[in-house]
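Please walk me through this structure, one region at a time. I would like to know what packs against what, and by which criteria.

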Amino acid sequence: MTDALHRPPVVSRISDLIGYTPLFELARSDNGARLLLKLEMYNPTGSAKIRMARQMVLDAEERGELGPGGHIIESTSGNTGLGLAVVAAERGYRFTAVVDNHAAADKLRGMKAMGTDLVYVAEDGGEELNTAAREELAEEMARGRENTVFTEQHNNPGNAVGYHAVGREIAQALDNRVDVLIGAVGTGGGLCGTARELKKTVPGLAVIGVEPKGSIAFGPPAHDYYQSGTGTPEGATIGLLVDYDLIDEGVKVGDVEAFATARVVARRTGLLIGGSAGGVVHEALTRLGQLPPDAVMVAFVNDGGEKYLDAVFNDDWMNARSLIDGAVEAGIDETLTKLRRN
């Protein structure tokens with residue numbers, strides 16, 4: 001495996017292109033505090049989750065659970081599945097993704113294009129998030145089968161380990177001058193894995209976790225939400241990788257605010273970010289003016305917005321679900337305009 005900090009100029013596997021993603025300064029406050037976005041969409045598959053997908057497969061190989069011609073099974077809302085599809089294709093494994101229709105359609109199409117077998121936990125076409133049912137089915141499909149592994153991303157230590165490189169990349173790029181790390185909390189691997197490694201060289205780092213309103217990792221109430229690939233819906237178990245000892249504060253951002261932020265960022269900067277990343281950036285923007293002079297906040301942006309052109313960036317889809325609020329978008333636009341002038 002190639003260390004992302006020392007990538008050669010020519011590679012022979014797509015997974016060797018993972019990492020060393022850029023930092024983008026989105027905003028700066030009057031006192032010089034900066035908001036930097038760690039743009040994980042510059043990984044293969046356009047998502048951070050290919051980092052942990054590769055690590056989970058490597059770990060399974062090392063344990064002897066997966067050999068030539070093996071079969072990988074995972075429950076996924078899309079980005080983890082895309083990462084596993086790449087790794088399976090290049091290493092000669094069969095991959096089955098247990099999915100629901102809550103996932104963005106382009107993610108499902110992408111997995112299928114790479115040879116993934118898609119198994120829907122519900123065939124009725126509804127948009128409900130069925131995380132618990134997906135995981136039960138994936139575990140059942142793998143049980144007792146030789147050379148078959150259920151990677152179980154929510155409880156797989158390799159998930160968090162796969163993100164340690166993100167912490168090293170941030171530390172190297174900023175010479176350890178980081179005050180706040182803020183990111184979405186789904187499995188917990190991305191934020192907590194990054195934070196654990198970054199805290200080795202930045203012990204005073206503050207870590208802020210963001211989940212959708214309706215998710216339960218930071219408490220009730222539970223209800224449906226449209227942010228994809230993040231949070232813990234009612235009925236699902238909070239994963240072992242959500243390390244509350246590492247997270248200094250957990251907050252919730254609603255779909256309207258998250259999606260409005262993604263849409264405004266696209267219009268103001270030309271940068272397409274995913275819906276859950278919009279939630280992270282929304283929270284980061286509200287906090288930027290409260291930071292000390294010259295502080296640095298890094299927001300973990302899990303994926304880009306290209307997979308959500310039929311959803312977050314589609315007015316018809318948004319209006320059908322009452323997710324567009326012109327006043328909210330105008331407020332975010334005003335905030336971002338001011339902060340980008342500084």
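**A glycine in a helix, and what surrounds it**

Gly275 lies in helix α9. Helices here are DSSP runs of H or I with at least four residues, strands are runs of E with at least two, and both are numbered from the N terminus. The model is a predicted one, in which local features need pLDDT of at least 70 and side-chain atom pairs count only at pLDDT 80 or more, while totals for chains, interfaces and linings use all residues. Residues are numbered from 1 along each chain as its sequence is written, and side-chain values use heavy atoms, with hydrogens and water left out.

Gly275 has 4% relative accessibility and therefore counts as buried. The term buried means under 20% relative accessible area, exposed means over 50%, and partly exposed lies in between, with a 1.4 Å probe and protein chains only. Setting aside neighbours within four places in sequence, Gly275 is in contact with Gln227, Ala258, Phe259, Tyr308 and Val312; contact means heavy atoms within 4.5 Å.

Rings of Phe, Tyr and Trp (its six-membered ring) pair if their centres lie within 6.5 Å; planes under 30 degrees apart count as stacked, over 60 as edge-to-face and the rest as tilted. By this rule there are four aromatic pairs. In one of them, Phe218 and Tyr244 have ring centres 6.3 Å apart and planes at 75 degrees, so this pair is edge-to-face. Both residues sit in the loop between β8 and β9, 26 residues apart. Phe218 counts as partly exposed because its relative accessibility is 21%, and Tyr244 counts as partly exposed because its value is 39%. Phe259 and Trp317 make a tilted pair, 6.5 Å centre to centre with 55 degrees between the planes. Phe259 lies in helix α8 (residues 255–269) and Trp317 in helix α10 (residues 315–320), so the pair ties together parts 58 residues apart in sequence. Phe259 and Trp317 are both buried. Ring pairs join Tyr226, Phe259 and Trp317 into a cluster.

Next comes a sheet. Six strands form an open sheet in the order β1-β2-β10-β7-β8-β9, with mixed pairing; two strands pair if DSSP finds at least two bridges between them. At the edges are β1 (23–28) and β9 (249–253), each of which pairs on one side only. From one strand to the next, the twist averages 25 degrees. Strand β7 (residues 180–184) and strand β8 (residues 206–212) run parallel and are joined by five bridges, with Leu181 opposite Val207 in β8. Helix α7 (residues 189–198) packs on the sheet, where α7 touches β7, β8 and β10 (296–301), and its direction makes about 160 degrees with that of β7. Helix α9 (residues 275–288), the helix that holds Gly275, packs on the sheet too, touching β1, β2 (34–39), β7, β8, β9 and β10, at about 170 degrees to the direction of β10. Axes are lines fitted to C-alpha atoms, for helices over the stretch in contact, and angles run from 0 to 180 degrees between N-to-C directions.

Another region is built around β3. Five of the five residues of β3 are buried: His71, Ile73 and Ser75 on one side, Ile72 and Glu74 on the other. In a regular strand the side chains alternate between the two faces of the sheet. Five bridges join β3 to β4 in the parallel sense, and His71 stands opposite Arg94 in β4. From β3 the chain crosses through α2 to β4, and this β-α-β crossover is right-handed, meaning that with the strands pointing away from the viewer, the path from the first strand over the helix to the second runs clockwise. β3 also pairs in the parallel sense with strand β6 (residues 148–150), over three bridges; there, Ile72 has Val149 as its bridge partner.

Ten of the 13 residues of α2 are buried, including Leu82, Leu84, Val86 and Val87. What covers the buried residues of α2 includes α1 (49–62), β3 (71–75), β4 (94–99) and α3 (105–113). After α2 comes Gly92, with a positive phi near 80 degrees.
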